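Trainee: I would like a close look at one part of this protein: its aromatic ring pairs. Please show the structure, then take me through them.

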Amino acid sequence: MTTRHDLRRRSLLQGAALAAPALALGGLRPARAAATTIGFIYVGPKDDYGYNQAHAEAAAVLKKMKDIKVVEEEKVAETADVERTMESMIKLDGASLLFPTSFGYFDPYMLRMAAKYPKVQFRHCGGLWTKEKHPMNTGSYFGYIGMGQYLNGVVAAHATKTKKLGFVAAKPIPQVLVNVNSFAMGARSVDPSITVQVIFTGEWSMPVKEAEATNSLAGQGVDVVTCHVDGPKVVIETAERRGMFTCGYHADQSKLAPKGYLTGAEWNWIKVYEDFAAKAGTAPGNFVRGGLSDGFVKMSAYGPAVSAAAKTRAEAVKAEIMKGGFAAFQGPLKDNKGATVLPAGKALPETAVELESTNWLVEGVIGAIA
């Protein structure tokens, strides 16, 4: 999606290229003040109560830091539009570090810009960078948020009366499946009779389908719902109208559901961005990962509907997670078809590489991948 602001920047960029062609090549930037300029690019609005907002909130903290200048562009499509936005930030703003935050920005768009501007550092939010394949002025960062969803499940288990929980998910890719499974295991660690109904919408952002899925879950007796979509706003608001409890994802959605919001698994991207900004004059890490115990993830404050028993149980589990190495995936573990996916005696922490190829739903989850 091309915005009016984006068109204005491109017009200025074209003029700058004609007036000062020497600035365009080899990653050279215009002479500027000593401040480091960092660019953030979002695929959706910065106030989506979800994925984009989580990044924008961290960018807002960076803006307050000494000698840091932040430039941002929102609603930039995963097309050549993002290349033009990156180039604009480099040439017009003098950005030396760029954060294209959406999954589809990486290949080929960010990689092409990285080859064109080898003196600029590019860091992508996702798991795509490999040393043998990609330029050293690129890299990726991401977090392990499954244990946040596990804690969501623990709290949800104390709130449900029907013992039916719901999960609105975008696509059945490994990270999403790990979140669904973690939520279910967290709930079933409290009460093994609880089930989790999952509905896949097929899209990262599809408000109509998200509303339909939430209403469908309500109609099936589900009384607590969570999600993994880009913008949880529709799910949370729809659930609130239906009198359901909710657990958030990506960012804090408590304002959207003052009665039903229980807690939520949030990204804490400032932990990453502060470190990258401090190293902007050199080269930040190329492959950066962390979870709840590393400060990459945090939990929303408990809502008014959360019982004392739920808080006590959740805080005890969280304390174990914060020690590091907590393994929610413990064998023997079966999928929802009855097949053993983890044998007795084997345990997988959320950092385990095996989870990156998850293609199954755990026992207790109602739904199918295909």
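Mentor: What follows covers the ring pairs, then their surroundings.

This is a predicted model, in which local features need pLDDT of at least 70, side-chain atom pairs count only at pLDDT 80 or more, and totals for chains, interfaces and linings use all residues. Residues are numbered from 1 along each chain as its sequence is written, and side-chain values use heavy atoms, with hydrogens and water left out.

A pair of aromatic rings is described by the distance of the centres and the angle of the planes. The rule here takes rings of Phe, Tyr and Trp (its six-membered ring) and pairs them if their centres lie within 6.5 Å; planes under 30 degrees apart are stacked, over 60 edge-to-face, and the rest tilted. The count by this rule is 15 aromatic pairs.

Start with phenylalanine 99 and tyrosine 141. Their ring centres are 5.8 Å apart and their planes stand at 85°, so this pair is edge-to-face. Phenylalanine 99 belongs to strand S3 (residues 97-100) and tyrosine 141 to strand S6 (residues 140-143), so the pair ties together parts 42 residues apart in sequence. Helices (H or I, at least four residues) and strands (E, at least two) are DSSP runs, numbered from the N terminus. Phenylalanine 99 counts as buried at 0% relative accessibility. Tyrosine 141 is also buried, with a relative accessible area of 0%. Buried means under 20% relative accessible area, exposed over 50%, and partly exposed in between (1.4 Å probe, protein chains only).

Next, take phenylalanine 167 and phenylalanine 183. This aromatic pair is edge-to-face, at 5.8 Å centre to centre and 70° between the planes. Phenylalanine 167 lies in strand S7 (residues 164-169) and phenylalanine 183 in helix H6 (residues 174-188), so this pair ties together parts 16 residues apart in sequence. Phenylalanine 167 is buried, with a relative accessible area of 0%. Phenylalanine 183 counts as buried at 0% relative accessibility.

Now the cluster. Ring pairs link Phe40, Tyr42, Phe99, Tyr141, Phe142, Trp267, Trp269, Tyr273 and Phe276. Six of the six residues of S1 are buried, so the strand is largely enclosed by the rest of the structure. Thr36, Ile38 and Phe40 point one way from S1, while Thr37, Gly39 and Ile41 point the other way. S1 pairs with strand S2 (residues 68-73) in the parallel sense over six bridges. Strands pair if DSSP finds at least two bridges between them. Glycine 39 has valine 71 as its bridge partner in S2.

The charged end of arginine 289 sits over the ring of phenylalanine 287, 3.9 Å from its centre. The rule asks for NZ of Lys or CZ of Arg within 6 Å of the ring centre and within 35 degrees of the ring normal.

Finally, the setting. The protein has ten helices and 18 strands. Buried residues make up 53% of its 370 residues. Among contacts (heavy atoms within 4.5 Å) between residues at least 6 apart in sequence, 69% join residues at least 24 apart. The C-alpha atoms fill a box of roughly 70 × 45 × 40 Å along the principal axes.
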